[in-house]
Amino acid sequence: MAKKRKSWEKRLASEPDKLAIDFVESISYDRRLYKYDIAGSIAHAKMLSEQKLISKADYNKIVDGLLAIEQEITDGSFKFDKYQEDIHMAIEAALIEKVGQAGEKLHTGRSRNDQVATDMRLWMRDEIEILQTKITQLQKAFVEAAGKYTEDVMPSYTHLQRAQPVVIAAYLLSFVEQLERDIARLGNCSELLNVSVLGSGAVAGSTLPIDRESTAGQLGFCDISRNSIDAVSDRDFCAEFIFDCALVATHLSKLAEDWIIFSSSEFDFIRIKDSFCTSSSMMPQKRNPDILELIRSKTGRVYGSLIAMLTLLKALPSGYNRDLQEDKIHVFGAADTVEQSLEMACAIVSNTKFNVDKIKAGLDEGFLDAAALAEYLVDKGIAFRQAHGIVGELVAFCEKNNKSLKQLSIEQLKKYCPAVEKDVYEHLGAINAVKSYVTIGSAGSKQAKIQINYWQKLLAER
Ligand code: ARG
């Protein structure tokens, strides 16, 4: 078969070097843009025919050819050739081979520079929707799990030291909040990037009457870019997208870290289903949370993509530079990693049980009710700073005598603070302390149920 030649071979005296072909190509990773590249080309061809830059007959040939190529790529029969460099050239060359002269007209008033930027925006718009759906699925898994633990109390931590008691549901719902911000952030990114750069050409636009509004409308963009020099080089949306992915990964890594700790024998707060655990090749007793560890580690990959993307953009000269080709490696890498981690996190959340009895049995340790006691004293008219000091003394006394606060007699309590009355016992102990929470958003059972209700309604609409 004769080699498909590139039009620029007339300009360059020698055949491209073999090593150079391998080094320059992006077709090995940008082929996943093919649907968007074809959609962009069909819109461009339609506009060219509307503007009488090509005939209706040529337009029809181009569309038929492009759709046939799309089918071939989808069913795997398309032959990718590194010599064609990238998906844009591969599709154009295949089109010319299929429909001849009409195909040679497709690139009128267009450059790969505005073409690839268009493809990336179209791809990212869809990818953001996929990510948002996966995040929603994870949120739903958390809300469902929370529904099972609205009355069960666990310790919360600050500095990884026991802090105040909370219901398990409230703890689980804290992740739903983080994920909700991720969805909003990705939504903002999608809105900002939804601008058409097609028609910006290589850097300066075109002398031909290219109708940019037409292609923008056909491709569902909300606006068109104002400045061609900026348009062909703008990859802000790529950096922003990876940053959004990096925060999703951050949130997943926090969940992973919590649950790795929670599944240790020292904590024994949770039990992950066997099918999501691994064992050791040497120690027969092991049930390891490897999946969570990998979710935690993959966060590093996404951060790496973010730094790589920003470094790629730093101090680039104005206009298009080939460096920009590598945006895809980092953008695709971040998206794929986060998608996978989201799916795994969803499976883990749906297949993990809290060991409520074990957790309950340990609630008397760590003076989880100390803050509630201080607030009880405030209610009895004592200034908070004083109350804080009194409870501090009481805790020290308990520690010395190996007692919990609720085990102190009313006389012992009164010795430290005469304002204490019998009703103090309604506030002592972790379970009572949780019942005393009244502020909106606090981590008690009542508030958790309100939040579950809120999320169930909201998420059902997605
Ligand atoms: N494969 C290239 C990229 O991804 C397409 C644009 C090439 N433009 C050029 N002037 N060489 O950026």
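Contact is taken to mean heavy atoms within 4.5 Å. Helices (H or I, at least four residues) and strands (E, at least two) are DSSP runs numbered from the N terminus. The structure is a predicted model, in which local features need pLDDT of at least 70 and side-chain atom pairs count only at pLDDT 80 or more, while totals for chains, interfaces and linings use all residues. Residues are numbered from 1 along each chain as its sequence is written, and side-chain values use heavy atoms, with hydrogens and water left out.

Two packed helices are described by the angle between their axes and the distance between the axes. Here axes are lines fitted to C-alpha atoms, for helices over the stretch in contact, with angles from 0 to 180 degrees between N-to-C directions. In the pair formed by helix H14 (residues 370-379) and helix H15 (residues 384-401), the axes come within 9 Å and cross at roughly 135 degrees. H14 is therefore oblique to H15; angles under 35 degrees count as roughly parallel, over 145 as roughly antiparallel, 65 to 115 as roughly perpendicular and the rest as oblique. Ala370, Leu373, Ala374, Leu377 and Val378 of H14 meet Phe384, Ala387, Ile390, Val391, Leu394 and Val395 of H15. This contact of H14 with H15 comprises 11 nonpolar, no polar and no charged residues, where Ala, Val, Leu, Ile, Met, Phe, Trp, Tyr, Cys and Pro count as nonpolar, Asp, Glu, Lys and Arg as charged, and the others, Gly among them, as polar.

Helix H3 (residues 34-50) and helix H5 (residues 87-99) have axes that come within 10 Å and cross at roughly 60 degrees. H3 and H5 are therefore oblique to each other. Tyr34, Asp37 and Ile38 of H3 make the contact with Ile87, His88 and Ile91 of H5. By class, the residues of the contact of H3 with H5 are 4 nonpolar, 1 polar and 1 charged.

For helix H6 (residues 112-148) and helix H18 (residues 445-460), the axes come within 10 Å and cross at roughly 145 degrees. Thr136, Gln139, Lys140, Val143, Ala146 and Gly147 of H6 meet Ile452, Trp455, Gln456 and Leu459 of H18. The contact of H6 with H18 has 5 nonpolar, 4 polar and 1 charged residues.

Helix H11 (residues 290-313) has 24 residues and reaches 35 Å from its first C-alpha to its last, close to the 34 Å expected at 1.5 Å a residue; the expected span is 1.5 Å times one less than the number of residues. Buried residues (under 20% relative accessible area; exposed over 50%, partly exposed in between; 1.4 Å probe, protein chains only) of H11 include Ile291, Leu292, Ile295 and Lys298. Their cover includes helix H10 (236-262), strand S5 (270-272) and helix H12 (327-350). Just after H11, Ala315 takes a positive phi of about 60 degrees.

Several loop residues were also examined. Glu85, in the loop between helix H4 (56-75) and H5, has a positive phi near 70 degrees in a residue other than glycine. Glu85 counts as buried at 10% relative accessibility. Asn402, in the loop between H15 and helix H16 (410-416), likewise has a positive phi, of about 55 degrees, although not a glycine. At 73% relative accessibility, Asn402 counts as exposed. Ser111 lies in the loop between H5 and H6 and is buried, with a relative accessible area of 11%. Leaving aside neighbours within four places in sequence, Ser111 is in contact with Gly201 and Ala202.
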